[in-house]
Every structure is written in structure tokens, then in C-alpha cells.
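Keep the sequence and the 3D view side by side.

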Amino acid sequence: MIVTKRIAAVAAAVGLALSGFAGTASAAPAATTDLRLIAFNDFHGNLQPPAGSSGRVTLPNGTTVDAGGAAYLAAHVARLRGQAPNSLVLAAGDNIGASPLTSALFHDEPTVEFMNKIGTDASVIGNHEWDEGYAELLRVQFGGCHPTDGCQFHQPYRGARFPFLGANITFDNGLPAVLPVTVRFVDGIPVGIIGVTLKDLPSVVTPEVVKGFKFGDEVQALNRTSRLLDLAGIRTQVALVHQGDSTEGGGPDDCRTLPGPARQIATAASPSIDAFFTGHSHQQYNCVVTDPAGKPRPLIQGASFGRLLSVIDLKIDRKSRDVVRTATVAHNEVVTRTITPDAGVQALVDEAVAKAGPIANRQVGTITADLVRAAAPSGESPLGDVIADGQLAATQSNQAQIAMTNPGGIRTDLTYTGSPAGEGHGVVTYGEAFAVQPFGNIMQTITLTGAQLKTVLEQQWQPQPNGTTITRFLQVSSTLNYTWSQSGTQGNRVSGITVGGQPVDPAGAYRVSVNNFLAAGGDGFTELAKGTNLTGGPVDLDAFAAYLTANPNLAPPAPTRVTVIP
Ligand SMILES: [Zn+2]
């Protein structure tokens, strides 16, 4: 950006010298003002740099770079602000909820404090901001201690210094339940920021928390609110949309999106809206769409977990107070870890880590023997079995019939003799469960045909360019059984698949729970990305811990789900 600005300045100086009007031009006030919007989405309480694939960004050439961490994000925000005369920091939802231990233990209060510290101006409400219902969202907004856990982080918790927006969230009587819009003045020019959450929010949270509320059509809510801003003469309008599209891969600034709800919304909504920040699908893309009046406007998303900052540079005409659309420039900035982290945010993160320690020692279950990751010749492991069974149990409300998980997401064994924390033999603490499932992946349930299910299982064998084949055995719930042949060829190894004891019909429909990493086609399981009717669920760790609690004295399951034949 600095380079671009220098080129522009040099060009302007040359132009003025040639035209000979330098004196006249410098006396007139600038006709436009520059505004930089800096946004992140789906941060999910990742105060510490996220681990594994959750902490990497894929670049256009397919290589990856480590990214994310609140203190690094804060440093990048400060740097990006320093390059622009005016800036606003925005969030596209799911910044709290489905969080790692360090934030989740304190009901995400440390994450809200972090967002306060970096000067967040507004956030849309994502589905996860609504996970624990309206009353808890109001507490997060306005402060106060948690009704059951109290103030465990800071006494008192003072709330968010930015509004949570939701123009399409109303009570049953149609009145707004939350603020639909906020207005910030930038260099004397009003900027309207409208938030809308996905209209399908009720399908991705527990039914109790949406009783009494309506989640309306996104485009209608944007248009209704945009019209209010129009009437008030507020012409620079920005949309925060907690809804997103899928992609066919690509780097942070590619636009390889598949047709999806975000593009549909950004194409259809009022031409008064100048830019769309999106979220929810955890994808990276930087697109330009055409509004109903035929003008371009950006549609952008910045992956998740604080790995990217979506930056949109607007040029605003002072006289009309509206955006000069042709001058808009957008990019996704990688939150690299090579920058000096922000000291204030680092101190906040360190405090959360330290205070989480004792709470992590809470008992969540008991086991009768080690639950290990080491697999039988069939590929099945006792710990994998237990995790998949827990994921199935936790997604019953999604009508899940089977669950499958990737072995790479199971990071360590659960041991009977326990951790150095000093608890009794066989006790499993929350911290130990967390060490097994640390990524904060979110459960998702999709519909696959029987034929697709077979393809997924065949994709456990992955031919490599060098002619070898690597295997990635999915860990499956007790409701899925199959046989594979050591002498089988690619695409023809798996047979005898049953779900709930019934042979699988290739044309039948099956509800399958996987984590969001697999649902996006991770680890080479591209067939899973073709699943339909996606419904969200809890964090994988919460599913695991709940299963341990519900099944005390849990013994290692016998490896009888998968059969291997010569
Ligand atoms: Zn979401």
C-alpha cells in the first residue's frame, strides 16, 4: 500500500507541474476523503495463535504461512491504521463462541476485552454470538457477571465498547431485538454500518435460544435499514453479513467462490450499500460484485480464527458523502507472526492463559484404562472410536446417523495414570480432554448419499504424485461398519457398508457429522465438501467432554467397527 501511495503522489506532482495549476490546486480543500475499513470474521476466541491447519493460510501458489494470534492481529491492525488517515475496525460475527479453553472458560470475556483494546467499532451478531441466547448476549454487550459462573476473569466484566448489530433479528412481534445499524463519523462524514446475520441461524443453534425471536431475510433487512440511512442522508453504507460462500480453493485475494448465499445477498441488496464483509463459511475470498444499479462493490471474507484481516479502502466524495466506487481497493492481509506482537494485548492473553490453568483441572470424566490413538490394522483406534461416538451423541438434534473424524485432529492419548496435576487414577480433566481435541473445530452435520459415503471411505487411500499411496483412516462412530480389502485397487477397496446395522443404499440419504475441517474437504476428503443441508453443532471438545461426563468409567471400545480382509 505504501508503494502504491508513493506512485500516486509522484504522478500527482508531475501532473500538477505540467499543468501549471499547482498553486490553485493546493488552496482548494480535498474533494475526497479516504477511509480504510479493517475487518475480521469468525475469530472464535483464538487469543493464542491457533495450532495446526487452523493457524495456517494457504497462499495462491498452494504453500502455507503461519498466521493468527490476538497480539499479532492487534499489531497488524495498528500498522494498517497507521497507513490511512481514517480507519474503522469491524467484525463479521462468530468472534466469540466455539472458542478455545483460554477464552471459553471465561465466557469469552477476554476476547471481548481484546476487541475493545483494538478499537472495534461494530460487529454483526453471528450464530455463535447467539449460542447461549439473548440474555447472555445482552450481558456480553453491556457487562455484568455470568449468572452461574460469576466474574472469573475481571471483576467486574464491563461489556463491549462496540455494538452487536442484527437488522434482521426481531422479537416475534416484529420489533427490533438488537440494534440494526450504527453510524460512525469519519472526517465529518457519516458512515452507516448495517449488520445482518444468516436467516438460517435457528438451524445452527439449539432450539430453546431462538424461542420468541425471528431471523428475517437478509436482503429485506439490508434494504429496509439502508433506506433509513438514505433518508437520513447517510450515503456511505457498509454491510457486515454473517453469511458466506464456499470456494474452490485459491489464495486470500482470489475469488474462486461457488454460487452461494453471500454473493446472492451482495448482488441483490440496495445499491446504496458500498461494501460487503462476510463470514460464517471460514473461507478466504476477495470478489467484486455488481449491485442492482450496475456499479461494482467488494464482497470479501477473511478465513477464520484471526488469520486474515479484510481491508477495504474507500474514497468518499465530500460533497455527496458517497463512495467513489471505481476507486475502491480491497485486499486480505495475512496476520503473520513475524511482526512484533502488541504488548498490551499480549499481556491480556497471558493473563487469560494463567487464570485458565486452575479451571482446566476440573474433572469431566473417568476412564478404566488408557484411551490411545494407536490404531488396529483396520485403522480404528479406541480413542478415535470414543471421539466419534461423542460427536454422534452431540449432534443428535441434527438427526445425525453416523459421525466420522480425522485422526490428525486427535492430538494425544488419554492416560489412566493421569497428568502431573495430581488427580486420581482414571480421572480425566477438562485440560486433558482439551489436549486431545485442541483445535476448537465445530461439528457440522451434512447429508450424503450412500454412494457419496462410499466415495468418502474410498478417499481414505490417497495416491501421491510419486506413485505411493498414503492412508488417512477416518475414525467412525459405532453406527458405521464396513470392510476393506488389502488387495483392493483405488476406488474399489471398501465393501459391506452398514449404517445402524442396515446395508447402505447408494441412492439413500444419510446424515453424517464431521468437524468443519472435514466438511470443507480437508485431508483430501473432497467428497465431504459436496454434502448438502449443512447444520452446525457444538465445538468438538465440548462434544468429547460431554460424552466423557455422560459415560463414567469409560472402557476402551473393542475395534470391531472396521474389518480388514486380505
Ligand atoms: Zn457462523
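## A strand residue to start with

Leaving aside its neighbours within four places in sequence, which residues is Thr 498 in contact with? The contacts are Thr 479, Leu 480, Asn 481, Pro 503 and Val 504. The model is a predicted one. Thr 498 sits in strand β25. Its relative accessible area is 17%. Buried means under 20%, so Thr 498 counts as buried.

## Helix α12 and the strands around it

Helix α12 covers residues 450-458. Its buried residues are Gly 450, Gln 452, Leu 453, Val 456, Leu 457 and Glu 458. What do the buried residues of α12 pack against? The partners are β18 (402-405), β20 (442-449), β21 (461-463), β24 (480-485), β25 (494-499) and β27 (509-515).

## The zinc site

Four residues supply the protein donors of the zinc ion. They are Asp 94 through OD, Asn 127 through OD1, His 242 through NE2 and His 280 through ND1.

Along the sequence, the donor residues follow the spacing D-x32-N-x114-H-x37-H. Asp 94 comes from the loop between β4 (87-91) and α4 (101-104), and His 280 from the loop between β12 (275-278) and β13 (284-290), so this pair ties together parts that are 186 residues apart in sequence.

Ala 91 is in strand β4. Its relative accessible area is 0%, and it is buried. Leaving aside neighbours within four places in sequence, Ala 91 is in contact with Phe 40, Met 115, Ala 122, Ser 123, Val 124 and Leu 240. Asp 42 is 49 residues away from Ala 91 along the chain, and the two C-alpha atoms are separated by 8.3 Å.

## The second largest pocket

The second largest pocket holds about 910 Å³ of space. Its lining has 43 residues. Which of them lie nearest the centre? Those are Ala 98, Asp 131, Glu 132, Pro 538 and Asp 542. The elements that give two or more residues to this lining are α6 (133-142), α11 (430-436), β28 (532-539) and α14 (540-550).

Strand β28 gives the most, with 5 residues. By type, the lining of the second largest pocket divides into 20 nonpolar, 15 polar and 8 charged residues.

## Helix α14

Helix α14 is one of the elements of that lining. Which residues of α14 are buried? They are Asp 540, Leu 541, Ala 543, Phe 544, Ala 545, Tyr 547 and Leu 548. These buried residues pack against β17 (363-366), α10 (382-394), β19 (427-429), α11, β20 and β28.

## Loops worth a look

A cis peptide bond joins Gln 155 and Pro 156, with omega about -5 degrees. Pro 156 lies in the loop between α6 and β6 (164-165). Asp 523 is in the loop between α13 (516-519) and β28. Its phi is positive, about 60 degrees, although Asp 523 is not a glycine. At 22% relative accessibility, Asp 523 counts as partly exposed.

Arg 337 lies in the loop between β16 (329-334) and α9 (343-360). Its relative accessibility is 24%, so Arg 337 counts as partly exposed. Leaving aside neighbours within four places in sequence, which residues are in contact with Arg 337? They are Pro 49, Pro 50, Gly 55, Asp 66, Ala 67, Gly 68 and Tyr 72. The C-alpha atom of Arg 337 is separated by 37 Å from that of Arg 235, which is 102 residues apart along the chain.

Key. Residues numbered from 1 in each chain as written. Predicted model: local features only at pLDDT ≥ 70, side-chain atom pairs only at ≥ 80, totals over all residues. Heavy atoms only, no water. Buried < 20%, exposed > 50% of the residue type's maximum accessible area, 1.4 Å probe, protein only. Helix = DSSP H or I, 4+ residues; strand = E, 2+ residues; numbered from the N terminus. Contact = heavy atoms within 4.5 Å. 1 Å grid on protein atoms, 1.4 Å probe; cavity = no way out; pocket = protein on both sides within 12 Å on 5 of 7 lines; lining within 4 Å. Points joined across faces, edges and corners; volume = space filled by probe spheres on them. Nonpolar A, V, L, I, M, F, W, Y, C, P; charged D, E, K, R; others polar. Donors = N, O, S within 2.8 Å, 3.2 Å for Na, K, Ca; no water.
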